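Colleague: I have a model open on my screen and would like to learn how to read it. Could you walk me through it, feature by feature?

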Amino acid sequence: MTAPPVTKPVLRVLAGGRESTPPIWLMRQAGRYLPEYRALREQAAGFLDLCFDPKRAAEITLQPIRRFEFDAAIMFSDILVVPHALGQRVTFVEGEGPRLDALTDPSAFGRLRGEIDHKALEPVYETIARVKGELPPAVTLLGFCGAPWTLATYMIAGCGTVDQFPARQFAYQYPDAFAKLIDVLIEASASYLHRQFAAGVDAVQIFDTWAGILPADEFERWCIAPVARIVEKVRRHIADAKIIGFPRGAGTELGRYLDAVAVDAIGLDWTVELGFARTEIQPRRPIQGNLDPLALLVGGAALDRSIDAIVAAFSPGPFIFNLGHGVLPDTPLRHVERLIARVRGVSLPD
């Protein structure tokens with residue numbers, strides 16, 4: 001028997017195919033720029049409560065699909081549910097972001113579990129099952145996790161920082177202890193992604209938001225090698241698992257990343273030059289990206305120029321249109337509508 005054709009445009013691209021109209025999804029497409037999200041957020045006691053409420057999390061995941069008809073839905077959750085499931089206290093302060101009990105020295109690692117607690121993450125898996133049952137057939141369902149380095153930056157510092165100084169200092173000062181933390185996060189992340197696939201996602205993305213902050217040798221050790229191991233471990237269980245890598249800020253190190261990490265596609269941030277990506281990256285992997293979220297916020301001619309340049313550069317090959325990072329909270333809805341119409345070649349009503 002021959003396998004049925006893949007009917008989801010995003011999955012066709014991840015398999016190396018080219019779509020005449022690039023499929024679209026946006027990082028942080030389910031979030032604060034949507035009034036329907038803000039209405040649900042007001043009902044929740046806290047952000048993590050919302051992530052662990054399958055009914056509401058599923059609804060939030062579906063909101064941008066109903067409004068914009070994106071080609072992929074990404075489950076509503078947060079990368080820091082993994083430290084939470086390893087026993088680290090995680091909270092979110094409104095207007096300030098995440099707060100964790102900082103791991104300031106190696107002795108603090110004793111507070112962590114040796115392996116991930118999947119019972120703590122059951123609401124996430126239930127969210128996936130709920131969304132799967134409601135998505136249109138052509139829409140891909142994406143799961144995700146944070147890469148070990150990016151998770152470690154929050155776990156060490158106890159919050160987000162501009163230059164990731166605490167984690168970088170810790171890695172230099174206590175390299176063996178830091179390597180053990182990374183090992184725990186590799187195992188936890190691979191197991192978490194495996195469970196997401198089992199729950200029903202079609203593909204996953206690994207977010208390494210702070211990859212670009214490291215020098216070359218540390219990038220190899222803490223970003224490339226750990227993500228390569230996660231991909232390998234996931235594929236031990238699911239040989240054809242579709243995985244997108246997003247090493248934000250990697251720049252010219254993207255080639256080295258692709259040499260070692262067997263992802264199916266590579267997400268580009270907005271700083272990656274289009275010609276470089278077209279000639280050096282796209283022949284090796286499908287590309288996802290890379291509109292500057294600020295251009296989407298501003299709109300108008302700047303947005304149109306940016307969209308047209310990206311589509312012209314990448315449409316000849318396998319390509320998913322996305323942002324170079326997440327939708328900014330103050331982004332007007334009409335700008336998102338304009339983006340979708342321009343990529344799809346559809347005229348907006350006056």
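**Reading the model, step by step**

Modeller: Let us begin with one residue and its surroundings. Leaving aside neighbours within four places in sequence, P286 is in contact with V13, L14, G16, D264, A265, I266 and P318. Please keep in mind that this is a predicted model.

Colleague: Where in the fold does P286 sit?

Modeller: P286 belongs to the loop that runs between α12 (274-281) and β8 (287-291). Its C-alpha atom is 10 Å from that of R12, although the two residues are 274 residues apart along the chain.

Colleague: Is P286 buried or exposed?

Modeller: For this we look at relative accessible area, where under 20% means buried. P286 has a value of 8%, so it is buried.

Colleague: Now the whole chain, please. How many helices and strands does it have?

Modeller: The protein chain has 15 helices and 9 strands. Its radius of gyration is 19 Å, close to the 20 Å that the globule rule gives for 350 residues, so the chain is as compact as a globular protein of that length. Along the principal axes, the C-alpha atoms fill a box of roughly 60 × 50 × 45 Å.

Colleague: And what share of the residues is buried?

Modeller: Of the 350 residues, 57% count as buried. Contacts tell another part of the story: among those with a separation of 6 or more, 73% are between residues 24 or more positions apart.

Colleague: What does the surface consist of?

Modeller: The accessible surface of the protein chain comes to about 14,600 Å², and 52% of this belongs to carbon and sulfur atoms. As for charge, there are 37 positive and 41 negative side chains, and the centres of these two sets lie 2 Å apart.

Colleague: Let us turn to the backbone. Which peptide bond is cis, with omega near -20 degrees?

Modeller: That is the bond from G289 to N290. To find it in the fold, go to strand β8, where N290 is found.

Colleague: Which residues have a positive phi although they are not glycines?

Modeller: One of them is R28, with a phi of about 60 degrees. R28 has its place in the loop between α1 (9-14) and α2 (35-41). E69 is another, with a phi of about 55 degrees, and it is found in the loop between α4 (54-68) and β1 (72-74).

Colleague: Are R28 and E69 buried or exposed?

Modeller: Here the cut-off to apply is over 50% for exposed. R28 has 51% relative accessibility, so it counts as exposed. E69 has 56%, so it counts as exposed too.

Colleague: Thank you, I can now go back to the screen and look for each of these.

Conventions. Residues numbered from 1 in each chain as written. Predicted model: local features only at pLDDT ≥ 70, side-chain atom pairs only at ≥ 80, totals over all residues. Heavy atoms only, no water. Helix = DSSP H or I, 4+ residues; strand = E, 2+ residues; numbered from the N terminus. Rg over C-alpha atoms; globule rule 2.2 N^0.38 Å. Buried < 20%, exposed > 50% of the residue type's maximum accessible area, 1.4 Å probe, protein only. Contact = heavy atoms within 4.5 Å. Areas by Shrake-Rupley, 256 points an atom, 1.4 Å probe, with all protein chains shown as cover. Lys, Arg positive; Asp, Glu negative; His and termini not counted. Charge placed at Lys NZ, Arg CZ, Asp CG, Glu CD.
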